[in-house]
Amino acid sequence: MSRVYNFSAGPAVLPVEVLKEAQEEMLDYRGCGMSVMEMSHRSSMFQEIIDEAEADLRDLLHIPDNYKVLFLQGGGALQFSAVPMNLMKNGVADYIVTGQWAKKAYEEGKKYGKAVKIASSEDETFTYIPDCSDLPIDDDADYVYICQNNTIYGTVYHELPNTKGKILVADVSSCFLSEPMDVEKYGVIWGGVQKNIGPAGVQIVIIREDLIRDDLPEYVPTLMKYKTQADKGSMYNTPPCYGIYICGKVFKWIKNLGGLEAMKKRNEEKAAILYDFLDNSKLFKGTVRKEDRSLMNVPFVTGDKELDAKFVAEAKAAGLENLKGHRTVGGMRASIYNAMPKEGVIALVEFMKKFEAENTK
Ligand SMILES: *Cc1c(COP(=O)(O)O)cnc(C)c1O
């Protein structure tokens with residue numbers, strides 16, 4: 001068996017330990033004679049799986065009791081609609097547009113009320129996080145929306161915006177559980193798990209209880225009401241059972257490694273190896289303003305499109321996969337999520353050194 005170092009932005013690398021455990025339990029989950037894929041979501045066996053996953057997530061993030069945890073479907077893209085549908089009460093919401101995902105959320109928000117773009121970094125291809133210390137927050141804004149880690153552009157908020165008392169809603173898809181978070185600073189935290197936690201198909205929504213409304217307009221689909229899902233323990237209908245099971249295993253994996261503080265340290269070490277190299281390279285260059293660099297997604301370029309393509313192809317041949325940058329940025333992007341081992345980042349940097357020596361005069 002040979003596994004590559006997979007730098008995909010998502011779906012992305014998962015811990016080998018987790019995959020092996022799932023493999024061992026595939027045909028016969030803990031003596032029940034079937035796989036988790038085959039069991040009823042109403043069985044006590046599955047109830048235990050989802051309860052344990054939620055308990056471990058609560059432990060990891062220190063989620064206060066007045067927050068609900070929901071395991072949903074529909075992809076990140078459905079949350080772009082679910083957020084305004086559930087939270088726009090006054091019909092106004094402020095959006096900080098720091099990349100494609102925030103922009104899509106903002107465009108979707110406009111369908112349900114007055115969505116206002118209060119800051120953006122589009123003027124410089126989203127290579128930085130705007131100053132969010134004194135934004136023109138609307139008096140009647142129901143929430144301020146951010147995409148906390150910008151998967152495509154490789155930027156992250158190192159400091160949360162000053163929302164002037166308004167509810168903060170954050171898409172944390174690509175930085176979920178990469179470091180500790182202060183849940184109480186948010187009204188809603190949501191993330192698709194296929195970047196940093198599990199397989200595609202699960203969305204986790206962490207929502208403060210008082211924001212769960214039962215007075216939503218008639219048109220809001222039953223399944224998209226947070227209230228429906230909160231009341232039914234994420235099981236109004238069949239949940240993404242197998243995905244939740246894998247997420248649960250990843251939560252345990254993180255706990256075994258020492259929790260989110262340990263994860264952060266690990267991620268900082270890995271990112272430093274790559275950024276230090278980029279800062280000293282004669283060929284490669286990071287594309288993001290230094291203060292706003294992500295620990296998870298690292299875009300870089302050579303400045304020459306043909307050379308970029310050659311790099312991606314040769315890296316692939318060397319077992320370093322999925323390094324091609326997003327089509328809107330070009331160049332390369334290395335996603336170095338929780339499950340990417342330090343050895344993978346070292347292998348990438350060694351390869352970059354070799355490529356640099358071969359391709360500079
Ligand atoms: C990938 C991603 C999304 C979109 O997720 P889908 O499940 O493909 O809809 C949204 N936000 C962020 C930050 C992402 O990285």
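**Exercise 1. A proline and its peptide bond**

In which loop is P11 found? Then look at the bond between G10 and P11 and say what kind of peptide bond joins them.

*Solution.* Keep in mind as you work that this is a predicted model.
Step 1: Find strand β1 (5–6) and helix α1 (16–24); P11 is in the loop between them.
Step 2: Turn to the bond that joins G10 and P11. Its omega is about -10 degrees, and the bond is cis.

**Exercise 2. The annotated lysine**

Find K195 in the structure. Which loop holds K195, is K195 buried or exposed, and which residues does K195 touch?

*Solution.* 
Step 1: Start with the record. An unreviewed UniProt entry annotates K195 as "modified residue: N6-(pyridoxal phosphate)lysine".
Step 2: Locate the residue. K195 sits in the loop that runs between β9 (188–192) and β10 (203–208).
Step 3: Check the accessibility. The relative accessible area of K195 is 12%, and buried means under 20%, so K195 is buried.
Step 4: List the contacts, leaving out residues up to four places away in sequence. K195 touches A9, G10, A12, T151, S173, S174 and Y337.

**Exercise 3. Around the ligand**

Now explore the ligand. Which residues surround the ligand, which helix gives the most to this shell, and how much of the ligand's accessible area does the protein cover?

*Solution.* 
Step 1: Collect the neighbours. The shell consists of G75, G76, A77, F80, W101, C147, N149, T151, D171, S173, Q194 and K195.
Step 2: Helix α3 (residues 75–87) is the top contributor, with four residues.
Step 3: Sort the shell by type. There are four nonpolar, six polar and two charged residues.
Step 4: T151 has one that lies 2.5 Å from a ligand oxygen atom. For D171 the distance is 2.6 Å, to a nitrogen atom of the ligand. Q194 places one 2.9 Å from an oxygen atom of the ligand.
Step 5: Finish with the cover. On its own the ligand has 390 Å² of accessible area, and the protein covers 85% of that.

**Exercise 4. Two positive phi angles**

Both R30 and L177 have a positive phi. Where is each one, and is it buried or exposed?

*Solution.* 
Step 1: Take R30. Its phi is near 45 degrees, a positive value in a residue other than glycine.
Step 2: You will find it in the loop between α1 and α2 (44–61).
Step 3: Take L177. Its phi is about 65 degrees, again positive although L177 is not a glycine.
Step 4: With a relative accessible area of 0%, L177 is buried.

**Exercise 5. An arginine in the record**

*Solution.* 
Step 1: Read the record. UniProt lists R42 under "binding site", in an unreviewed entry.
Step 2: Check the surface. R42 has 53% relative accessibility and counts as exposed.
Step 3: List its neighbours. Setting aside residues up to four places away in sequence, R42 touches M235 and Y236. The side chains of R42 and H41 are joined by a polar contact of 3.3 Å.

Conventions. Residues numbered from 1 in each chain as written. Predicted model: local features only at pLDDT ≥ 70, side-chain atom pairs only at ≥ 80, totals over all residues. Heavy atoms only, no water. UniProt positions renumbered as here; feature names shortened; annotations may be inferred. Buried < 20%, exposed > 50% of the residue type's maximum accessible area, 1.4 Å probe, protein only. Contact = heavy atoms within 4.5 Å. Near = heavy atom within 4 Å. Polar contact = N/O pair within 3.5 Å; in protein donor to acceptor, adjacent residues only side chain to side chain. Areas by Shrake-Rupley, 256 points an atom, 1.4 Å probe, with all protein chains shown as cover. Nonpolar A, V, L, I, M, F, W, Y, C, P; charged D, E, K, R; others polar.
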